[in-house]
Amino acid sequence: MSTGSDASGAQDGGCLLCRVADADAFFQRRRVWEDGHWRLSVVLRGAVAGFAHLEPHRHIPYITDLAGPEAVTLGPVLARATAALRAATGADKVYVSVFGDRVPHLHFNLAPFHPGGPLVGGAGQVRADAGSAELVAHEAAASAVRRALARGGTA
């Protein structure tokens with residue numbers, strides 16, 4: 001497993017996402033795929049089964065700092081990850097959002113959208129009456145995404 005580093009390659013031990021096992025435990029998520037630059041983790045709690053984080057191994061604080069191989073590979077990796085999430089969850093689409101104030105390590109929040117489901121108007125907006133999806137639904141989504149990406153495809 002890679003550890004996070006900044007653009008110069010220096011590790012940022014103060015960054016939660018650079019401490020991958022700590023981040024997985026904190027966010028209650030399971031890593032389902034990674035390559036030399038990126039990792040994809042599916043969160044195992046919350047209203048949206050299949051909600052995932054795509055983040056670079058290297059410590060890149062914000063999207064405005066994106067450079068190097070991560071910048072070159074972002075489009076294909078993001079397309080592959082969202083297609084796998086869509087296929088694995090049966091979603092109509094996958095919302096992609098980038099924030100950065102809470103955890104200053106570039107990460108994309110990927111939220112599968114189903115009409116009538118818990119999301120309204122975007123990845124960060126969950127219906128007030130939406131309960132948490134069952135753990136079994138989260139685990140099924142994580143396993144389906146892992147299988148899709150292990151096959152090298154998206155479905």
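Which residues point one way from β3, and which the other way?

1. A52, L54 and P56 point one way from β3. H53 and E55 point the other way. All of these residues are buried. Because five of the five residues of β3 are buried, the strand is largely enclosed by the rest of the structure. Bear in mind that this is a predicted model.

2. **The sheet around it.** β3 belongs to an open sheet of five strands. The strand order is β1-β2-β3-β5-β4, and the pairing is antiparallel. The edge strands are β1 (29-34) and β4 (93-98), each of which pairs on one side only. From one strand to the next, the twist averages 25°.

3. **Neighbours of β3.** On the β2 side, five bridges join β2 to β3 in an antiparallel arrangement. Here S41 stands opposite H53 of β3. Three bridges join β3 to β5, and these two strands also run antiparallel. A52 has L110 of β5 as its bridge partner.

4. β1 and β2 pair in the antiparallel sense over five bridges. R30 stands opposite V42 in β2. A hairpin of three residues joins β1 to β2.

5. **The β4 edge.** At the other edge of the sheet is β4. The partner of β4 is β5 (residues 108-113), and the two pair in the antiparallel sense over six bridges. K93 has F113 of β5 as its bridge partner. 

6. **The helix on the sheet.** Helix α1 (residues 20-27) packs on the sheet. The helix touches β1, β2 (38-43) and β3 (52-56). The direction of α1 makes about 130° with that of β1.

7. **V94, a residue to look at.** V94 is found in strand β4. Is V94 buried or exposed? V94 has a relative accessible area of 16%, so it counts as buried, the cut-off being under 20%. Leaving aside residues up to four places away in sequence, V94 touches T82, L85, R86, L110, A111 and P112. V94 and A83 are eleven residues apart in sequence. In space they are 8.1 Å apart, C-alpha to C-alpha.

8. **Two helices crossing.** Helix α2 covers residues 68-89, and helix α3 covers residues 135-150. Their axes come within 9 Å and cross at roughly 130°. Because of that angle, α2 is oblique to α3. The crossing is right-handed.

9. **What makes the helix contact.** From α2, the contact is made by R80, A84, L85, A88 and T89. From α3, A141, A144, V145, A148 and L149 take part. By class, the contact has eight nonpolar, one polar and one charged residues. L85 of α2 is in this contact, and L85 is also among the residues that V94 touches.

How values were computed. Residues are numbered from 1 along each chain as its sequence is written. This is a predicted model: local features need pLDDT of at least 70, side-chain atom pairs count only at pLDDT 80 or more; totals for chains, interfaces and linings use all residues. Side-chain values use heavy atoms; hydrogens and water are left out. Two strands pair if DSSP finds at least two bridges between them. Helices (H or I, at least four residues) and strands (E, at least two) are DSSP runs, numbered from the N terminus. Axes are lines fitted to C-alpha atoms, for helices over the stretch in contact, and angles run from 0 to 180 degrees between N-to-C directions. Contact means heavy atoms within 4.5 Å. Buried means under 20% relative accessible area, exposed over 50%, partly exposed in between (1.4 Å probe, protein chains only). Angles under 35 degrees count as roughly parallel, over 145 as roughly antiparallel, 65 to 115 as roughly perpendicular and the rest as oblique. A crossing is left-handed if the near helix is turned anticlockwise from the far one by less than a right angle, and right-handed if clockwise. Ala, Val, Leu, Ile, Met, Phe, Trp, Tyr, Cys and Pro count as nonpolar, Asp, Glu, Lys and Arg as charged, and the others, Gly among them, as polar.
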